[in-house]
Amino acid sequence: MPDLYTFGEAMALFLAQDTDNVVDAKVFRRSSAGAEGNVAVAVSRLGLRAHFFTHFGADELGTAVLNDFIAEGVDVSGVKRVPEFTGTMIRNPGTSRAVEATYLRKGSAASTITPADIDLELIRTSRWVHTTGITCAISTSAAESVKFALEKSREFKIARSFDLNIRRKLWSEKEARNILEPLAHDVDLLIGGEDEYAAVFGESDPRQVIALAHSRGCGIVVMTRGDQPIRYSINGEYGEVAPPKVKAVDPVGSGDAFTGGVIAGLLSGLNPLDAIRQGSISGARVASQFGDWAGLPTGVNGRTDPAIVAELIGGVK
């Protein structure tokens, strides 16, 4: 029985190594990336059982990324290999200029995911189901799969989360709002950046949009903004918490690390505020290193290793 069931697109990531510009780079390092897979690895690193489902191409990149998940202890037993190609991202490290990503994912293997691929028995026996807006952006059938998984997890009374996660290179804000706004309700955990909440709900005042999201049946509402204080509402009670201060060298993937840390904390029995604090430790750790999985904390039974907590905040809660 998995603690977490999630699905979406996992990509081969090629990160420029010799310059901070993909145009000039000659040397790239391959790793793996993709929002839901990142969350699965974050949860697995913290000592819980994570099941991740996707479609990979019948190609060597698909095999390489699949092997990365296996090495992390993530259950990928349901993954399907299909004729389409494995999605890929190429980007610069973002050390001296803004991160600029090039996607090769239109028509990719994961874009062929349909509701029929969602394993209802696994959802029924899981403790948590996690979905994101990125999967909604890659194809109509993938968006229908997210809706289906959320509906079934509600029906089965399984805890669930939804990360707004708008990728503006995949679709417009208008398209994102049309699809994501109807999905962002009645979840145990809703997460998004300040700009994403504004785009989805059409409200720019942070406290008002958080209250609006809470009124839609979302138990825990979390709004992030880089290294700025994390805004949240827990059962309608508003608050803010400052994330650990680190030297951010690569923010990509830190949001997924945060989400994974929060989910693992909640599954471990932490109260919501302490789970958010745990998530902020995971996010800060990843932001301080290059790559989506680099820096992800380890732990036991869903809780971060106390030595890592002490390293970042100078003490253990």
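What you are looking at is a predicted model, where local features need pLDDT of at least 70, side-chain atom pairs count only at pLDDT 80 or more, and totals for chains, interfaces and linings use all residues. Residues are numbered from 1 along each chain as its sequence is written, and side-chain values use heavy atoms, with hydrogens and water left out.

**The sheet of 8 strands**

Let's start with the open sheet of 8 strands, which runs in the order S4-S1-S9-S10-S11-S12-S13-S14 with mixed pairing. Strands here are DSSP runs of E with at least two residues, helices are runs of H or I with at least four, and both are numbered from the N terminus. Two strands count as paired if DSSP finds at least two bridges between them. At the edges stand S4 (50–53) and S14 (237–241); each has a single partner strand, so one side of each has no neighbour in the sheet. On average, neighbouring strands of this sheet are turned by 15° against each other, direction ignored. For angles, axes are lines fitted to C-alpha atoms (for helices, over the stretch in contact), and values run from 0 to 180 degrees between N-to-C directions.

Now zoom in on S1 (residues 4–7). With S9 (residues 128–132), S1 pairs in the parallel sense over 3 bridges, and the bridge partner of Tyr-5 in S9 is Val-129. S1 also runs parallel to S4, joined to that strand by 4 bridges; here Thr-6 has Phe-52 as its bridge partner in S4.

How are the two faces of S4 covered? Ala-50 and Phe-52 lie on one side, His-51 and Phe-53 on the other, and all of them are buried. Buried means under 20% relative accessible area, exposed means over 50%, and partly exposed is in between (1.4 Å probe, protein chains only).

**Helix H9**

Helix H9 (residues 254–268) packs on this sheet, touching S1, S9, S10 (159–163), S11 (189–193), S12 (220–224) and S13 (230–234), and its direction makes about 160° with that of S9. Contact here means heavy atoms within 4.5 Å. H9 has 15 residues and spans 21 Å from its first C-alpha to its last, close to the 21 Å expected at 1.5 Å a residue; the expected span is 1.5 Å times one less than the number of residues. Because 14 of its 15 residues are buried, H9 is largely enclosed by the rest of the structure. Just after H9 comes Gly-269, with a positive phi of about 100°.

Leu-189, in strand S11, is another buried spot, at a relative accessible area of 0%. Leaving aside residues up to four places away in sequence, Leu-189 touches Trp-128, Arg-160, Ser-161, Phe-162, Ile-220, Val-222, Val-262 and Ile-263. The C-alpha atoms of Leu-189 and Val-221 are 6.0 Å apart, although 32 residues separate them along the chain.

**The sheet of 4 strands**

There is also an open sheet of 4 strands, in the order S3-S2-S7-S8 and with mixed pairing. Its edge strands are S3 (28–33) and S8 (101–104), each of which pairs on one side only. S2 (residues 11–16) and S7 (residues 88–91) run parallel and are joined by 4 bridges, with Ile-90 in S7 as the bridge partner of Phe-14. H2 packs on the sheet, touching S2, S3 and S7, and its direction makes about 65° with that of S3.

**Rings and charges**

The structure holds 4 aromatic pairs. Rings of Phe, Tyr and Trp (its six-membered ring) pair if their centres lie within 6.5 Å; planes under 30 degrees apart count as stacked, over 60 as edge-to-face, and the rest as tilted. Two of the pairs are tabulated here:

| Pair | Type | Centre to centre | Between the planes |
|---|---|---|---|
| Phe-52 and Phe-69 | stacked | 4.9 Å | 20° |
| Phe-69 and Trp-293 | edge-to-face | 5.0 Å | 65° |

Phe-52 sits in strand S4 and Phe-69 in helix H2 (residues 60–71), 17 residues apart. Trp-293 is in the loop between helix H10 (272–287) and strand S15 (299–300), so its pair with Phe-69 ties together parts 224 residues apart in sequence. Together, ring pairs link Phe-52, Phe-69 and Trp-293 into a cluster.

Finally, the charged end of Arg-105 sits over the ring of Tyr-103, 4.6 Å from its centre, and that of Arg-207 sits over the ring of Tyr-238, 3.9 Å from its centre. This calls for NZ of Lys or CZ of Arg within 6 Å of the ring centre and within 35 degrees of the ring normal.
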